[in-house]
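User: I am new to this structure and would like to learn how to read its features. Please take me through them in turn.

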Amino acid sequence: MVLPTRSGWASAAGATAGSWPRGRSGRPAGFRAAVMGAGISDWGMLAATGEEGPFESALGGSSGWEGTGPHRHDVVSPVSYVSRVCSPILILHGENDTNVPLSQAEFYHRALRRFGVEHEYVVYPREGHAIRERNHQLDVLRRTRAWFDRWLGPHCSRSVPGTAGH
């Protein structure tokens, strides 16, 4: 069950999910805030710049060099729907990510800024697709918790009544 007043979304490394829930339909998806970690914003650009070009092209449905658009990957690219995003988003990305290059985060950041969407953009120096340095890992955890506390309220960091702390 999703409680609209207490629900947030965090995506794992490489997932588009953090940028997706609020944007695509234009309707609330039940999430008041999101965290996008090493997220894909444009599948066509990823096919051209990521480590696994042909694989990314297959996942996204097309590549940007297949003639004039719209392309199949536009339908599954979160940046295509950024004008509809209304939930605040925390973007976390490694500076040296070659799997999902930093340009994916930069593109989404600029689009969010263009449409006035509340967001924070954090780039971790020396990091790749996975955050490896301990101080950066701790920063990710602290920022994520602070982000959800800010947008969902401090009640979300406590145990849910009736769960005995589980």
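User: Where is R143 found?

Analyst: Helices (H or I, at least four residues) and strands (E, at least two) are DSSP runs, numbered from the N terminus. R143 is found in helix α5, residues 134-152. This is a predicted model, in which local features need pLDDT of at least 70 and side-chain atom pairs count only at pLDDT 80 or more, while totals for chains, interfaces and linings use all residues. Residues are numbered from 1 along each chain as its sequence is written, and side-chain values use heavy atoms, with hydrogens and water left out.

User: Which residues does R143 touch?

Analyst: Contact means heavy atoms within 4.5 Å. Not counting residues up to four places away in sequence, R143 touches L90, L92, E120, V122 and Y124. The C-alpha atoms of R143 and L92 are separated by 9.4 Å, although the two residues are 51 apart along the chain.

User: Is H93 buried or exposed?

Analyst: Buried means under 20% relative accessible area, exposed over 50%, and partly exposed in between (1.4 Å probe, protein chains only). H93, in strand β3 (residues 89-94), counts as buried because its relative accessible area is 1%. R143, by contrast, is partly exposed, at 29%.

User: How many salt bridges does the whole structure have?

Analyst: Side chains of opposite charge can pair when their charged atoms come close. A salt bridge is a side-chain nitrogen of Lys or Arg within 4 Å of a carboxyl oxygen of Asp or Glu. A search of the whole structure finds six. One of them joins R110 and E106, at 2.8 Å from N to O; both residues lie in helix α4 (residues 102-114), four residues apart, about one turn of the helix. R143 takes part as well, in a network of salt bridges with E120 and D139.

User: Which parts of the chain does the pair of E118 and R150 link?

Analyst: E118 forms a salt bridge with R150, the closest N and O atoms being 3.4 Å apart. The pair links distant parts of the chain, with E118 in the loop between α4 and β4 and R150 in helix α5, 32 residues apart.

User: What does pLDDT say about the protein chain?

Analyst: pLDDT is the predictor's confidence in each residue, from 0 to 100. The protein chain averages 79, and 72% of the residues score at least 70. Over residues 157-166, pLDDT stays under 50.
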